[in-house]
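This report describes one protein model for a reader who has not seen it before. The sequence and the structure come first, followed by notes on selected features.

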Amino acid sequence: MFTCSSTRTPLLHLSSSRIALKIIKNVEKYKEAARLEINVLEKIREKDPENKYLCVQMFDWFDYHGHMCISFELLALSTFDFMKENNYLPYSLSQVRHMAYQICIAVRFLHDNKLTHTDLKPENILFVNSDFSTSYNAEKKREERVVKDTAVRVVDFGSATFDHEHHSTIVSTRHYRAPEVILELGWSQPCDIWSIGCILFEYYLGFTLFQTHDNREHLAMMERIQGPIPSRMIRKTRKQKYFYRGRLDWDENSSAGRYVRENCKPLRRYLLCEAEEHHQLFDLLEGMLEYEPERRLPLSSCLRHPFFSSPRDAEHSSSSSRNVSR
């Protein structure tokens with residue numbers, strides 16, 4: 001139990017409940033960021049008191065000798081850490097479907113309340129319970145884990161931004177960053193949808209779609225996977241250094257060019273199976289990974305996509321996601 005130095009009394013912590021506690025260093029810039037996150041979490045709690053919309057639930061916050069402390073419901077491994085501990089074995093299509101549906105529900109709720117998460121990635125999608133069963137893969141000579149329950153929560157609202165607030169020039173972790181962010185064209189909720197598309201690809205294949213740390217190379221990978229960047233975006237961007245005569249300034253014969261050519265291919269060529277439900281997933285991904293934000297598939301349309309109409313989705317539905325109407 002904590003002795004609280006503020007006038008707030010964290011009654012929750014007087015019980016024997018197990019919680020997750022986020023402790024922020026006593027440095028003013030970190031404390032200010034924590035205050036902004038608390039503001040977002042309080043808004044989420046106000047708009048979703050029954051915790052139906054699958055965002056992590058904040059219980060309380062308090063100041064402990066200058067350290068901001070935020071208590072949450074206790075969750076399990078992130079979807080990234082589970083995959084990492086499982087030798088980056090991808091999730092099954094039915095698991096991808098259920099996780100995708102829940103992520104879309106959670107993020108649509110944020111968007112409906114004039115929030116953009118801005119840092120969606122597998123590390124910020126946590127399992128409610130990451131217990132697993134194991135089976136032996138004779139071909140690869142290793143044990144492989146299968147998570148028993150794919151109920152998830154979206155976490156980490158430290159960078160979440162309301163529509164009326166200042167929008168930083170650069171947001172999102174590199175691999176999940178939308179093209180309008182890279183090109184500094186301004187961003188809003190559609191940048192989250194791009195990130196979700198990258199996340200679902202990673203769940204399905206077990207590796208990152210855009211494995212790079214350089215803007216120009218990132219744009220080249222996008223073109224290799226999805227075709228040319230629209231001329232309207234090229235004309236509008238202030239980042240003209242990446243372009244020459246209206247096209248991406250990129251040497252395909254350089255070492256970087258060979259890397260992109262060898263490691264990226266058109267999106268549909270990543271299909272693991274020709275079954276209809278696999279094609280439905282990639283149709284959804286194409287809608288989420290539209291270059292132009294205004295043409296990107298909104299989450300209300302994503303949730304009505306045929307990919308989510310398969311009866312297998314019902315097998316993996318948790319009570320939380322069943323409570324939310326489509």
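## The chain as a whole

Of the contacts in the protein chain with a separation of 6 or more, 70% are between residues 24 or more positions apart. The model is a predicted one. Its secondary structure comes to 12 helices and 11 strands.

The protein chain has 326 residues, and 51% of them are buried. Its accessible surface comes to about 16000 Å², with 47% of that area belonging to carbon and sulfur atoms.

## Leu285 in helix H9

Leu285 sits in helix H9, which covers residues 276-288. The relative accessibility of Leu285 is 0%, and because buried means under 20%, Leu285 counts as buried.

Which residues does Leu285 contact, leaving aside its neighbours within four places in sequence? They are Gly197, Leu200, Phe201 and Leu267. A C-alpha distance was also computed between Leu285 and Cys198: the two atoms are separated by 8.1 Å, while the residues are 87 apart along the chain.

## Phe62 in strand S2

Phe62 is placed in strand S2, which runs over residues 58-64. Phe62 is buried, its relative accessible area being 0%.

The C-alpha atom of Phe62 is 9.8 Å from that of Ile23, and 39 residues along the chain separate the pair.

## Asn215 in helix H6

Helix H6 spans residues 215-226, and Asn215 belongs to it. Is Asn215 buried or exposed? With a relative accessible area of 19%, Asn215 is buried, because the cut-off for that class is under 20%.

When neighbours within four places in sequence are left aside, Asn215 is in contact with Arg174, Ile182 and Tyr242.

## Salt bridges

The structure holds 15 salt bridges. One of them joins the side chains of Lys121 and Asp119, with an N to O distance of 3.9 Å. Both Lys121 and Asp119 are buried.

Another salt bridge is formed by Glu180 and Arg296, whose closest N and O atoms are 2.8 Å apart. This pair links distant parts of the chain, its members being 116 residues apart: Glu180 is in helix H4 (residues 179-182), and Arg296 is in the loop between H9 and helix H10 (299-302). Glu180 has a relative accessible area of 1% and is buried. Arg296 is buried as well, at 4%.

Arg35 is partly exposed, with a relative accessible area of 35%. Glu28 also counts as partly exposed, at 48% relative accessibility. For both residues the class follows from the limits, because partly exposed lies between under 20% for buried and over 50% for exposed.

## A positive surface patch

Which residues form the positive surface patch? The patch is made of Arg224, Arg258, Arg261 and Arg269.

One of these residues, Arg261, lies in helix H8, which covers residues 255-263. Arg261 counts as partly exposed, at 35% relative accessibility.

## Two loop residues with positive phi

Asn51 has a phi near 55°, a positive value in a residue other than glycine. Its place is the loop between helix H1 (28-47) and strand S2 (58-64). Asn51 counts as buried because its relative accessibility, 14%, is under 20%.

Asn87 also has a positive phi near 55° without being a glycine. Asn87 is found in the loop between helix H2 (79-85) and helix H3 (93-112). Is Asn87 buried or partly exposed? The relative accessible area of Asn87 is 45%, and Asn87 is partly exposed.

Definitions and conventions: Residues are numbered from 1 along each chain as its sequence is written. This is a predicted model: local features need pLDDT of at least 70, side-chain atom pairs count only at pLDDT 80 or more; totals for chains, interfaces and linings use all residues. Side-chain values use heavy atoms; hydrogens and water are left out. Helices (H or I, at least four residues) and strands (E, at least two) are DSSP runs, numbered from the N terminus. Buried means under 20% relative accessible area, exposed over 50%, partly exposed in between (1.4 Å probe, protein chains only). Contact means heavy atoms within 4.5 Å. Patches are made of residues with over 30% relative accessible area and no salt bridge: like charges are joined within 9 Å, nonpolar side chains (Val, Leu, Ile, Met, Phe, Trp, Tyr) within 5 Å. Accessible areas come from the Shrake-Rupley method with a 1.4 Å probe; for residues, only the protein chains shown count as cover. A salt bridge is a side-chain nitrogen of Lys or Arg within 4 Å of a carboxyl oxygen of Asp or Glu. Lys and Arg count as positive and Asp and Glu as negative; His and the chain ends are not counted. The place of a charge is taken as NZ of Lys, CZ of Arg, CG of Asp or CD of Glu.
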